[in-house]
Amino acid sequence: MSGRRLRVGVIGLGIGRMHIEGWRQHPQVEVVAIADADPVRLAEVGEQFGIPGRHTSAEAMLAAESLDVVSVCTPNKFHKELTLAALAAGCHVLCEKPMAMNADEGREMLAAAERAGRRLMINFSYRFSAQSRALKAQVDGGVFGEFYFGRSVWHRRRGMPGFGGWFGTKALAGGGPLIDLGVHRLDLALWLMGYPKPTWVMGATYDPIARELADKAGKTFDVEDLATAFIRFENGATLALEASWAANIAEAELMETRLLGTRAGLLQRNLDEGYTFDAHIFTELNGAPFDLHLHQAATPAPSAMHDYADAILHDRPHPAPGEEGLIVMELLDAIYESARTGAPVQL
């Protein structure tokens, strides 16, 4: 495989810039084309990374370029249609989270990937840190036994992205902090737990803080500003999930995933209300409580894009497959439906 190179195109140059950086980590990957409706941003990013193929639409990029892989980094509303177009053009796809607007769209995307004989990966980026990988290695090594309860949280005191823009517009985003932030903490917890099969969900959503701010500012906002859920799995385990853009808490930003197992428990949380993380394992050794502190890795972990490229080049299973993205979408749908009806939803 040493002589083969993957030609990559990136659609959407907001979070797409991070995809470009991630792809460039792999020596056998070349980002050869980008697409964005904003010509100024297109030129700026093209110059920054020296990318020759620059297009103001995804359709133009797919028609003009010979690509192996496409990153879809647009507002959620366009994930399905652009993934289908890229698959039809013979490309593997790395789609930003959430997979789609709902599970029905996710099923269409998976079916299209199967028909095309191409791969579909979802960018659940929080599982790709060195720390998360180290925790997963301990899980796989049997340190924790069987997980039976967890709580995964991402709260912001006041942190609505692009207030008045597409993030707060249901027709473009599909939801609020649950589908924006909660999706990360949900995937991380499920991944560490081994993606157990969910059986039912109880959820609730709220919007008192953001709705009032939007009304005063004359901004569009028709999604939740806080969501909670309780998920039960077929093996009897349960998981509590919380996500907010606006909550009256002490921290500006609070991220925490705690899982309790029969042999040990784990905690991963952010430090100093920012985006660096701490991780601990709580267990018992020789009859005494013992805490283990997982230190930061000396070198960063490879990006999700690096891992995806490696899987394609060496013909092995890729991480964060579309099937896991679909499970997350089914849970998000169920949480929103339960919040709407006030009743549990069976899966």
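In this predicted model, the second largest pocket holds about 380 Å³ of space. Its lining is built from 19 residues, and those nearest the centre are Lys170, Gly174, Glu224, Tyr336 and Glu337. Two elements that each give at least two residues to this lining are strand β8 (198-206) and helix α11 (322-341). The largest share, seven residues, belongs to α11. Sorted by class, the lining of this pocket contains eight nonpolar, seven charged and four polar residues.

Attention now turns to the backbone. Proline 98 sits in the loop that links β5 (92-96) with α5 (103-116).

Asparagine 286 has a phi near 50 degrees and belongs to the loop between β13 (276-285) and β14. This asparagine counts as exposed because its relative accessible area is 86%, where exposed means over 50%. Aspartate 315 likewise has a positive phi, near 50 degrees, and is placed in the loop between α10 (304-313) and α11. With a relative accessibility of 66%, aspartate 315 is exposed.

Phenylalanine 290 is part of strand β14 (residues 288-294). Its relative accessibility is 39%, so phenylalanine 290 is classed as partly exposed.

Technical notes:
Residues numbered from 1 in each chain as written. Predicted model: local features only at pLDDT ≥ 70, side-chain atom pairs only at ≥ 80, totals over all residues. Heavy atoms only, no water. Helix = DSSP H or I, 4+ residues; strand = E, 2+ residues; numbered from the N terminus. Buried < 20%, exposed > 50% of the residue type's maximum accessible area, 1.4 Å probe, protein only. 1 Å grid on protein atoms, 1.4 Å probe; cavity = no way out; pocket = protein on both sides within 12 Å on 5 of 7 lines; lining within 4 Å. Points joined across faces, edges and corners; volume = space filled by probe spheres on them. Nonpolar A, V, L, I, M, F, W, Y, C, P; charged D, E, K, R; others polar.
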